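I opened this entry to record what I looked up about how two chains meet. The structure comes next, followed by my notes.

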2 protein chains.
Amino acid sequence: MLIAGKHLQTIWFDESSESVKIIDQTRLPHTLEIVSLVSLADAATAISAMQVRGAPLIGVTAAYGLYLALREDPTVLEQSLQQLAATRPTAINLRWALERCQRHLQTLSPENRAAEALALARSMEREDIDVCSAIGDHSAELLDELWQTKKSTQDRLNVLTHCNAGALATVDWGTALAGIYKAVNRDIPIHVWVDETRPRNQGAALTCWELGQQDIAHTLIVDNAGGHLMRQGLVDVCLVGSDRTTSNGDVCNKIGTYLKALAAHDNRVPFYVALPMSTIDYSLASGDAIPIEERAGAEVSHVHGRNAEGVHTAVSIAPVGTAVSNPGFDVTPARLISGLITERGVCAANSEALAALRLTSSNAT
Amino acid sequence: MLIAGKHLQTIWFDESSESVKIIDQTRLPHTLEIVSLVSLADAATAISAMQVRGAPLIGVTAAYGLYLALREDPTVLEQSLQQLAATRPTAINLRWALERCQRHLQTLSPENRAAEALALARSMEREDIDVCSAIGDHSAELLDELWQTKKSTQDRLNVLTHCNAGALATVDWGTALAGIYKAVNRDIPIHVWVDETRPRNQGAALTCWELGQQDIAHTLIVDNAGGHLMRQGLVDVCLVGSDRTTSNGDVCNKIGTYLKALAAHDNRVPFYVALPMSTIDYSLASGDAIPIEERAGAEVSHVHGRNAEGVHTAVSIAPVGTAVSNPGFDVTPARLISGLITERGVCAANSEALAALRLTSSNAT
């Protein structure tokens, strides 16, 4: 990801200060602030306060958090794992990353743990970049094919995305946005419709900021607008991320994804989901089995932003005491999905294709 | 509409002060303020600044504005009509109301115009109440039938609504909400899911306030959430208003209505639209012919509300300079609509049924 023209990751290990650096995403889009994590507590807070968010990035942050704990005291492996797991109890990648660290570190003698934890965190960081880059290559291939069918009649390829499945949700590249970055590198003239993504506005705050830094044409819309744009023929493809995908191809993603998939289906707009293999939950038969996190009502009744004086402010938009329901995710049934884009290639959203994909070597990409 | 337990209309003529009184809707939900209109300029500002909004209410306000102009100077009929028509150039009821006033007043001698204009405004006010009340009766009948099929398995009837098609959009009762008020009067235990309705949040600010004043159970949700709730079986019926309905039954309503209609269709949830006959545009063959108003980008990039100190504040939620698209309405195709509820009864959303409805005497209700 380019920020003010320089390459930047969302997280990295800084050799000179021996600290983990992150972009504090709670300050975006108005302020770019790099924060140092020097302890387990710092890392746990970064995850729980959503200074870092996005399933892949949370996993890597947790791995670094474990290193920060073990370099202080190499005997605290178990309690550190528990402390980190509790920061976002429903994030599947967090558990996946912690279990991987646990398997690797628990057999080592304490004096070797810190160094190995650092090496593992760095390798997970590197791996996440490679996975997202591969997802981007496969997505760009799809976008290129689509562009070839459109370019005689229009001057840009219109992609609609929801929430932030960008570099900011990963170490770099992103999932859904990776394909856009790679397609732009192939000189495909992409324009992105960015759903603001209430209640937390990750589209308006993060996706617009990220695309703007990359100098990619984009337009902010309310979540209500996408159906109208599709009816008008102004969307060529929808491209979103996934928080969890079940073995039949159902996708659990940020609330509102399902509505866009319905509109895409009604208007014959292709609807693709980009996701790392690590977010596929082969243990679940369908999306109906995924528990949906109910989040705080204040996320809906109050909106955060910057006031005219440049001060971060929350404003209340509803009568005091109004009851709120705030489901964080919804399930898009596989029948509405044109394809799943993983680091191993593009796969139909059904049980057979996903089972076959599981057997594919990741080296096949 | 009951406000703090007392009956209140959105607009009325106050005999003692000889002024037109309105609820200033730009101050809701945080402050209830009654404003006096004493001149044409006051009325024009009330409409353009959206102190009053909602197609039926705008029409009645314009009629009163004409009276306020003519009592000052009975010779200014034509220029007053033009000034009022320019306040919200796309509102169809505004033109309908002004044309009706023009036809009635232009044949009168100037000395009779003011008194007749007042009488006409008051009769349009009364008529709007009667129309909405009749819509409410027909809607309540439908809700009652639905409740009879549900009451053995659940303890409340869940209605989802979008935007504010309530008493605040009319003189009293509302269109979509009229049915809810009348159903509650029949002791049907209604619970309303209220879409916040970005970008202007009329659901959060106005519908929640209005339902709260009536003591009707309701829960605020983001516009993204309705599809998920329908998949979970938590919505029994959708009930919305219409800004313009074409002769084939297509409905143009607040942006995002189409997405809810798709979700309702996908989950076999009935989707009804409540509307006065005056919003049916028999001159248009389909919704595709309706021009969609593109509104200011600042409505999307900035959110208005009350800060912690109780001060009305706008906050920016996107990077400075982000491009915005803000279509105000979308078209829901007739095929997704279970029925149109008018003051003349419930009608299928198709050309034949609408043509037959047109021939029905309004006395038939």
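**Interface of chain B and chain A**

I looked for salt bridges across the interface of chain B and chain A and found 6 (a side-chain nitrogen of Lys or Arg within 4 Å of a carboxyl oxygen of Asp or Glu). I noted one between the side chains of Asp266(B) and Arg335(A), with 3.0 Å from N to O.

This is a predicted model, in which local features need pLDDT of at least 70 and side-chain atom pairs count only at pLDDT 80 or more, while totals for chains, interfaces and linings use all residues. Residues are numbered from 1 along each chain as its sequence is written, chains are lettered from A and ligands numbered from 1 in the order in which they are written, and side-chain values use heavy atoms, with hydrogens and water left out.

I then looked up the extent of the contact (heavy atoms within 4.5 Å): 59 residues come from chain B and 59 residues from chain A. The two chains bury about 4,600 Å² between them, 63% of it on carbon and sulfur atoms; this is the accessible area (1.4 Å probe) lost on being put together, summed over both.

**Glu196(A)**

Glu196(A) counts as buried because its relative accessibility is 0%, the cut-off being under 20% (1.4 Å probe, protein chains only). Beyond its neighbours within four places in sequence, its contacts include Arg198(B), Val300(B) and Ile317(B).

Terms used. Buried < 20%, exposed > 50% of the residue type's maximum accessible area, 1.4 Å probe, protein only.
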